[in-house]
Amino acid sequence: GRGGPAAGPPAAPPGSDTYKGWLFKWTNYLKGYQRRWFVLSNGLLSYYRTQAEMAHTCRGTINLSTAHIDTEDSCNIVLSNGGRTYHLKANSEVERQRWVTALELAKAKAIRMRNNQSDDSGDEEPASQSDKSELHGPLKTLSSKLEDLSTCNELIAKHGAALQRSLSELENLRLPADSGEKIKAVNERATLFRITSNAMINACRDFLDLAESHSRKWQRLLQHEREQRIRLEETIEQLAKQHNSLERACRGAPGLASGTASISSTAKGSVQSAKGEASDEDEETEYFDAMEDAPAFITVTADPKHHRRSGSNLSGASEGHPEDWNLEDSVFESSNQSSYNESTGKDLLPRKRRRSRIPDKPNYSLNLWSIMKNCIGKELSKIPMPVNFNEPLSMLQRLTEDLEYHELLDKAVKCESSTEQMCFVAAFSVSSYSTTVHRTAKPFNPLLGETFELDRLEELGFRSLCEQVSHHPPAAAHHVYSRRGWTLWQDITISSKFRGKYLSIMPLGAIHLEFHSSGNHYVWRKVTSTVHNIIVGKLWIDQSGEIEIVNHKSNDKCQLKFTPYSYFSRDVPRKVTGVVSDADGKAHYVMSGTWDEKMECSKIVHSSHGSTSTEGKQKTVYQTLSPKVLWRKYPLPENAENMYFFSELALTLNEPEERVAPTDSRLRPDQRLMESGRWDEANVEKQRLEEKQRAVRRRREAEAVEALEEGKDYEGYVPLWFERKVDTVTGELICVYKGGYWEAKDKQDWSVCPDIF
């Protein structure tokens, strides 16, 4: 971690009032030296992660007037002030020397200002060191300039006296009469120059005395402004608290759970950044800078009535026809989505009446940290967890919840353009995260061989089957067939790590979607989910990363960026942005929205390269037509906060059904007991099932050792309804549906199913 990019030239030469530049700062043994932007001004050395942070977030400040400056080697600088020490590294020895010179000069000025500063406290409240620096800033500057002038005066007097002595010696020499007169005239001019310099210094001193006489008035005015600022901060903080209370109240109100908003990150950032001196950065906390995470494009909405196509010589410019954006003839007429309880097809049977509620979640208290403190760094699937931290659904059922907005794929089938179809596929990939915004509980880890079916062929046109095909690492295979013209399959391995402060869940594996009529084959992968405040505070979940959706038939692509939550960002929380482009790289649509509420699509009519940002990245400007809503989240059911924040689909997933396989998740006893509120019995049953699974695994391991001793091949566990094949698209070994499940269900022949419950 000791390497890095070039530090670059400083922003100002040493000796000036402000000195800026890049240095490497030692953070900890894990991260080593990290590149930081340092600013030296008014005797204070401050640093930031990026130049953009100078507007809102200072990571640390050290006062040079009482600091000790030391150099360890050719490139290192050590600054210490009381209990605070900065270990810095320059990019070169020359750069190090520039910084040392600037620091020494700034320290000398800071000491001189501190010694010359008068104490004007009087009967007013004594100000802190930072307040004095703010109140007496102009006087410090004047004093510094006066000291510089005094130094110049001494040099002028010294050199002037030497000049006069030299002239006097010349005067005493035997020179022609005219030469003596000239020397005498030069001597008189030197005397006048010295007198004028003394007069200038005296005038500057009088000006400083006048400024000092008005310092009390300036101090009162600045103190008044400071008090006004503090009152404003307190008001903003109070508003933030009221906003939080209103948010909780809205979440508790029926039908409003999905419409609540988070506390304004701008207000919270203002309150924090305005209070006192900024402290050193917390190296264990992840911060995301708005400038660094800004999208690589800018969207400008155009008026289709006044839009005119115009030529452009800019490289990469592309144009489209606004008349193509016709709602009457387009599949994009989808803003009025059908709700989950409405029929979406005339050719399907009426929907079966299913349950709309489950027993309320019991109010059992349990200390999470007492269980998790011994599990840091371990795989989550290997931690014995009580059901208190679970929700009464298995991971297979959570995986099936991705189909909640399956009608997006039904609409995508009707698209004639592959780029239009890509928009619906992108909206579908985002919609799968909408159920996670309040779902911080952990689903049950499926047992090896456990299955879950969701047969909605007659009602919704699709049927889904999941099977747990591996236990360590936990992996599930999923296959969905829709008679409306699409098939989806995935083989997902869940990798999760507990890091003390947060829990990272990383789904590994590709999701495949194929449309029957067009043959378009889409592939994408999921982003990382992070559960925060594991130790202290309210649990909340965030999604971050990028999704690249590729149509392997037409080579169309969609790049989606899930912006991680930033305390200081002004962006909308849970923001998702993306661009749909064809095989030639020409952008056709801009995707925007949030993963917990809605996704919109805007048709691009013109694109051009904009100006270069401060980070050196050139942004593309897209001129688009008005956005159309492709997907909007369904409202949560009434009383959802007492039912694990389940959606209407999730409430039906564990509903008992007849004719399902004996390995189906609905028949899992510990999960059923938990749903019924009998948590103590569920914990006992959970331990029994896990021990039964361990015994099966030990027997399988013994069989493998025995086969090895006999020189025989041991195949290991073989999935029931899936088989392992090499994916021709990704080249990965995945489990794909081999058939037979629905035929076995029709015959009610489950003889191949193991006894896992």
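## The big picture

Two residues are in contact here when they have heavy atoms within 4.5 Å of each other. With that in hand, take the contacts between residues at least 6 apart in sequence: 60% of them join residues at least 24 apart. Keep in mind that this is a predicted model.

The protein has 757 residues, and 45% of them count as buried. Its secondary structure runs to 14 helices and 28 strands. The accessible surface comes to about 38800 Å², with 51% of that belonging to carbon and sulfur atoms.

## A seven-stranded sheet

Start with the sheet whose strands follow the order S4-S3-S2-S1-S7-S6-S5; it's an open sheet of 7 strands, and the pairing is antiparallel. Which strands stand at the edges? Those are S4 (60–63) and S5 (68–70), and each has a single partner strand, so one side of each is left without a neighbour in the sheet. From one strand to the next, the twist averages 30°.

For a look at one pairing, pick S2 (residues 32–41) and S3 (residues 44–48), which are antiparallel and share 5 bridges. Ser41 sits opposite Leu44 of S3.

## Two nonpolar cores

The largest nonpolar core has 70 residues, and the members that touch the most others are Leu513, Trp524, Ile549, Leu560, Phe562 and Met591. Helix H10 gives the most to this core, with 8 residues. There is also a second, separate core of 20 residues, which includes Leu40, Leu45, Ala67 and Leu103.

Leaving out residues up to four places away in sequence, Leu513 touches Leu409, Val425, Trp486, Thr487, Leu488, Asn520, His521, Tyr522 and Trp524.

H10 covers residues 418–431, and its 14 residues reach 20 Å from first C-alpha to last, close to the 20 Å expected. Is H10 mostly covered or mostly open? It's mostly covered, with 13 of its 14 residues buried.

H13 (residues 679–709) has 31 residues and reaches 45 Å between its first and last C-alpha, close to the expected 45 Å. Its buried residues are Trp679, Ala682, Asn683, Glu685, Lys686, Leu689, Glu690, Gln693 and Ala707. Strand S11 (442–444) and helix H12 (669–675) are among the elements covering them. Just past the end of H13, Gly711 takes a positive phi of about 75°.

## The S22–S23 hairpin

Strand S22 (residues 575–581) runs antiparallel to S23, and 7 bridges join the two. Lys575 stands opposite Thr594 in S23. The hairpin has 5 residues between its strands, and Gly585 takes a positive phi near 85° there. In S23 (residues 587–594), 7 of the 8 residues are buried, so the strand is largely enclosed by the rest of the structure.

Gly593 belongs to S23. Gly593 and Thr577 are 16 residues apart in sequence, yet their C-alpha atoms are 6.6 Å apart. Setting aside neighbours within four places in sequence, Gly593 is in contact with Arg574, Lys575, Val576, Lys598 and Met599.

Most residues other than glycine have a negative phi, and most peptide bonds are trans. Now for some exceptions. The bond joining His472 and Pro473 is cis, with omega at about 0°. Pro473 lies in the loop between strands S13 (462–470) and S14 (475–482). Thr493, in strand S15 (residues 486–498), touches Pro473 along with Pro474, Ala475, Met506, Pro507 and Leu508, not counting residues up to four places away in sequence. Thr493 and Leu508 are 15 residues apart in sequence and 5.0 Å apart from C-alpha to C-alpha.

Tyr644 isn't a glycine, but its phi is positive, at about 65°. You'll find Tyr644 in the loop between strand S26 (628–632) and helix H11 (648–653). Arg659 also has a positive phi, near 70°, and sits in the loop between H11 and H12. How exposed are these two? Tyr644 counts as buried because its relative accessibility is 7%, under the 20% cut-off. Arg659 is partly exposed, with a relative accessible area of 42%.

Key. Residues numbered from 1 in each chain as written. Predicted model: local features only at pLDDT ≥ 70, side-chain atom pairs only at ≥ 80, totals over all residues. Heavy atoms only, no water. Pairing = 2+ DSSP bridges. Helix = DSSP H or I, 4+ residues; strand = E, 2+ residues; numbered from the N terminus. Axes fitted to C-alpha atoms, helices over the stretch in contact; angles between N-to-C directions. Expected span 1.5 Å × (residues − 1). Buried < 20%, exposed > 50% of the residue type's maximum accessible area, 1.4 Å probe, protein only. Areas by Shrake-Rupley, 256 points an atom, 1.4 Å probe, with all protein chains shown as cover. Core = buried A, V, L, I, M, F, W, Y, C linked by side-chain atoms within 4.5 Å.
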